[in-house]
Structures are given as C-alpha cells and as structure tokens.
Amino acid sequence: MLLHFNIFKMMPSGFFIAIAAGFGGMLGWGFADFFAKKTIDEIGSTASLVWGHAFGVLALGFIALYQFVALGKGIFIPRDPVELGTIAFFGVLQACIYFLVYRGFEKGQLAVLSPIFASYSGIAALFSLLVLGEAIRGNMLLALGIIFFGILLLNIDVSALRLKRMRLVGAPGFKEVGLAAILAAFWTVSWDRFIGGKEWLSYAFVMYVCIALAAWLISRLQKTNLAVARPGLWKFLALIGACEVAAYLAISLGFSLTPHLSVVAILSSAFSLPAMALAYVFLKERMSAVQTAGGVIIVAGIMLLSMF
C-alpha cells in the first residue's frame, strides 16, 4: 500500500489528474452503457436517451446547488454569444452521437458494439499526438498503445479467422456505432481545445443541458412516445444520468487541468471493459476468448500507464 502511494506521489500532478479523469470516464460511461441497454430493450433508444439525460441534468443541478451552498460558488454561464453557441454546438453534436450509439444498441449486442464505439479514442489520441503536438514520453506512449490494442482485440470477429483474416465485427448496429465513433473522436479533440483552462464544471453543465434539450427535440421530431410503462425502469434511467454526469465531469476536469488529452481519451474509452463485464454477468452476453484477452490486455496497459 505504501509503495502504491509513493508511485502516485512521484507522478506529476497533471498526469495523475489525467489518469483519475480517464478512470472516471471509463467507469461512468461503462455503467451508463449497461443501464442504457437495459432500458433501450424495453422503451426504445430515443426514450432512453431523453429520460437518461433529463436525470443527468437533475444530477448536475444538485451538484451546482451543493457548490453554491457549501462552497459559495455558482454556475458560470458565458454571456458571449459565440462562446455560448460553441457550447451549444458541442451539446447538439454529442446528442447526435448518443442517438447513433443508442440506435446501434437497440439493434445489436452491447458486448459487441460498446468496444467498437471505444475505438474513437485511437483517432483522437493520434490526432493529438501527431497534429497538435502533445508532449508524451515513449514509455507512456507504449502503455497507451497496449491499451488501444486491447480495445481492438475486443472487436475481433472470431468467425472470420477461418477465412485466415481478421476484420471488425459487421454486426447489427455496426454502421450507427461506427459513425458515432468518428464523430466522437472529433468531439473529444475539439472539446479538449475549447475547455482547456476554463471553469470546467460550469461549461460541462451548460453543455450537458444542451445535450438533454437536443435529445428532447429529436424525440419531438420523431414523435416518439416517451411513456415508461414499467416503474422498475425509472431507477435505471436515473442511473444512466448519474453515470453520464460522472463521466463528463471527470473528462472535463482532465481536459481543463492537464495537457494529456491522449491519456484521458484512451483511458476513458476503455468503458467497454466494465460494460462488457456487466453484460456478461447480468445480460448473459458471451465474449470470445480473443475478446477476453483484449480485456486482460487493457487492464495490463492501465497498470503500466499508472507505473510510468
């Protein structure tokens, strides 16, 4: 225990924040995906999207109230029309990403589609390293590469091995989730550039409200019935919101306080690991040996990253 403490004590504070933020995103989005799948199967993707993010706004509202009462700080809402419009753009884009992901979950298996969506992190991290010039040591880059390789293994279609080649899973929902992954890579890099050095909680709150409003507008355009017939689903819808908020606050904190976009992006994208584990235990979805190996490699990479 003392050794573990000393390892983190020797870390640069910004790098420790990046790791903590990445873990927060991983667990938050992993659990949120699991709860989303449980509700999507009963009330549909759009209704789950609307109610889950409505509860997320409530959760953020309670956090803002606590900040105001206990810390004497309120939520800052930008008055500059361009700044506010940019936040709204990020919210609408994220709502579209969620819409695609939830539609994919409605068509296919969580254990297959969640890791496909997680591949967005590789695009975001490479762009940050090669184009934006993010500074990162070679051993840290190795650990990030190991984690991303594990994520790719989660996507292997074992049945294709008999054809002596590997390919990404062309499963139901793949097109929707694949497009969402490309958009998510753009959102991640752009949100990092935008929120850096700003008051992260306020910006995350305003952006999340925009996600919820955009989700509601989508439901109106589709004329979706938002009724929840089974009372037992409300707790899962509330948990979607709570877990989503935890993830967004974590990565917004990481993007705002550290320059390590690639660390936050890769670690948070490992949300497929808890999502697949939960799907295996509670939804009886099965993983292949290759996918299991991918999960083990992700864990090993995360351990190496924390040591480096």
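Helices (H or I, at least four residues) are DSSP runs, numbered from the N terminus. This is a predicted model in which local features need pLDDT of at least 70 and side-chain atom pairs count only at pLDDT 80 or more, while totals for chains, interfaces and linings use all residues. Residues are numbered from 1 along each chain as its sequence is written, and side-chain values use heavy atoms, without hydrogens and water.

Reader: Which helix holds leucine 65?
Author: The residue falls within the run 45–71. That run is helix α3.

Reader: Is leucine 65 buried, partly exposed or exposed?
Author: Buried means under 20% relative accessible area, exposed over 50%, and partly exposed in between (1.4 Å probe, protein chains only). Leucine 65 has 48% relative accessibility, so the residue counts as partly exposed.

Reader: How are tryptophan 191 and phenylalanine 194 paired: stacked, tilted or edge-to-face?
Author: Rings of Phe, Tyr and Trp (its six-membered ring) pair if their centres lie within 6.5 Å; planes under 30 degrees apart count as stacked, over 60 as edge-to-face and the rest as tilted. By this rule there are 18 aromatic pairs. In this one the centres are 5.9 Å apart and the planes make 40°, and the pair is tilted.

Reader: Why are tryptophan 191 and phenylalanine 194 about one helical turn apart?
Author: Both belong to helix α8 (residues 174–195). They are separated by about one turn because their spacing in that helix is three residues.

Technical notes. Helices (H or I, at least four residues) and strands (E, at least two) are DSSP runs, numbered from the N terminus.
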